[in-house]
Amino acid sequence: MLLDFSLPGGPENKKMENLDPYLKAEIQRRKFLEWIGLSSLALTLPAISLPGCTTSPDKAEEIPDFKNVFDLEEMSGKVMGKDAIDYLNGGADDSKTVKANVEAYQRIQIRARRLIDVSTISTKVELFGKTLDNPIILSPVGFQKFFHPEGEIASAKASVKKKHQMIVSSVSNYSVNEIATQSQADLWFQLYPTTNREVTKKLLERAEKAGCKVCVLTVDTPVIGNRERGGTTLTKLINSKELKMGNYEGILPEGTGIDDPGLTWEIIAWLRANCNMKIVLKGIVTREDAALALEYGADGIIVSNHGGRQLESLRSTIDCLPEIVEEIDGKIPVLIDGGIRRGTDIFKALALGATAVCIGRPFCWGLGALGQEGVEIALDILKGELVRDMQLAGAASIEKITRDFVIRI
Ligand SMILES: Cc1cc2nc3c(=O)[nH]c(=O)nc-3n(C[C@H](O)[C@H](O)[C@H](O)COP(=O)(O)O)c2cc1C
Ligand SMILES: CC(C)CC(=O)C(=O)O
């Protein structure tokens, strides 16, 4: 049967714990291929290979055809352990906001224009002084080794290869420095300030040393949401000796929490005084807080409800977007995440005023299914869909995707 990469210490993991991570990944891959009856593919998928394992191009057509990110979700559900699946896919309470994020996109329809030259499509966007190849960013997702042994390093390598911006979570398993060094990625850093500002300062120093120019401050996590699905998994992850939180190594005194329920808007001035990164607030869901973000000098915001994992009964993020875009009025970039599963979702978010979008679970499904290669497939699928949708809707570049392209039903 498949290897169980759920919490360390499980019966399968006992057998695996002394193995090199690459070897573990390869075994996981081979077991999976065997399980779906395509073991010959072990020789055609080149990302992680054992000595003597050769690639054979004539077998390439046998690579399973992932039509959309849901195919990756399905595959990851077969490869990963139950705890990992629940941690990844679960939300707060009854996971209604998780569903709302996805379903809300169906209440928006596209008004396509005709006879527009779409022979060349540009997906480039300008963000914080840099030109990004495309507006699809990898959201910060913690504990990625729980999904695949190569964790954040696999995701970062995929992001470099496919030219997507990646945001590293404070609670990544590999440290931001290891991820940057091994992938050569130009990363942004997501911050959970601790109650101990000296520790927070050290986290910022580590991020800056790893080359991060943008600090994404998550503002929706004064405490952790009621994660009924997966139950105690998150607490176990935070305290796990095996799946360490790389960024906190050697700096987190015993008993110091990784969230701070006392955090207020003052944190923005404190961050300004203690780092040189751009400051982006992640988790804004109202017009009022968008106004405060401007007042306190944030450089950008991400409209997010943490993928429905924090407060249940929040509106879907795409429903929150218009009032926030109106309030911000072009003064700073407004990004969005939550429920984006299709190129058309990205198109709709951009039409409603988002500068770029972030995706969480979709790239992790790829990671859980096939490691780096799976993340690459997820990114290819979403970017491919976006490009085709831009052609079909009649918008040849991102700036041409305006409000007129969508209508709410
Ligand atoms: C498994 C998992 C771990 C996450 N970890 C973090 C984190 O460490 N920091 C953070 O700001 N958001 C975290 N998030 C939230 C994501 O950044 C993002 O807001 C959310 O996944 C977007 O929704 P989507 O998964 O529907 O795309 C996490 C989400 C998931 C699914
Ligand atoms: C709360 C964090 C420790 C991790 C996280 O952001 C998440 O699991 O959603």
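Which residues in H6 meet which residues in H7?

## Basis

This is a predicted model, in which local features need pLDDT of at least 70 and side-chain atom pairs count only at pLDDT 80 or more, while totals for chains, interfaces and linings use all residues. Residues are numbered from 1 along each chain as its sequence is written, and chains are lettered from A and ligands numbered from 1 in the order in which they are written.

## Helices H6 and H7

Glu 152, Ile 153, Ala 156, Lys 157 and Val 160 in H6 meet Ile 179, Gln 182 and Ser 183 in H7 (contact: C-beta atoms, placed from the backbone, within 7 Å). By class, this contact has four nonpolar, two polar and two charged residues (nonpolar: Ala, Val, Leu, Ile, Met, Phe, Trp, Tyr, Cys and Pro; charged: Asp, Glu, Lys and Arg; polar: the others, Gly among them).

H6 (residues 151-161) packs on H7 (residues 176-183) at about 45°, with the axes 9 Å apart (axes are lines fitted to C-alpha atoms, for helices over the stretch in contact; angles run from 0 to 180 degrees between N-to-C directions). Helices are DSSP runs of H or I of at least four residues, and strands are runs of E of at least two, numbered from the N terminus.

## The sheet

Eight strands form an open, parallel sheet in the order S4-S11-S10-S9-S8-S7-S6-S5 (strands pair if DSSP finds at least two bridges between them). Strands S4 (136-138) and S5 (167-168) stand at the edges with a single partner strand each, so one side of each lacks a neighbour in the sheet.

Five bridges join S7 (residues 214-218) to S8 (residues 278-284), and Cys 215 stands opposite Ile 279 in S8. Helix H11 (residues 287-295) lies across S8 and S9 (300-303), at about 170° to S8.

How values were computed:
Two residues are in contact if their C-beta atoms, placed from the backbone, lie within 7 Å.
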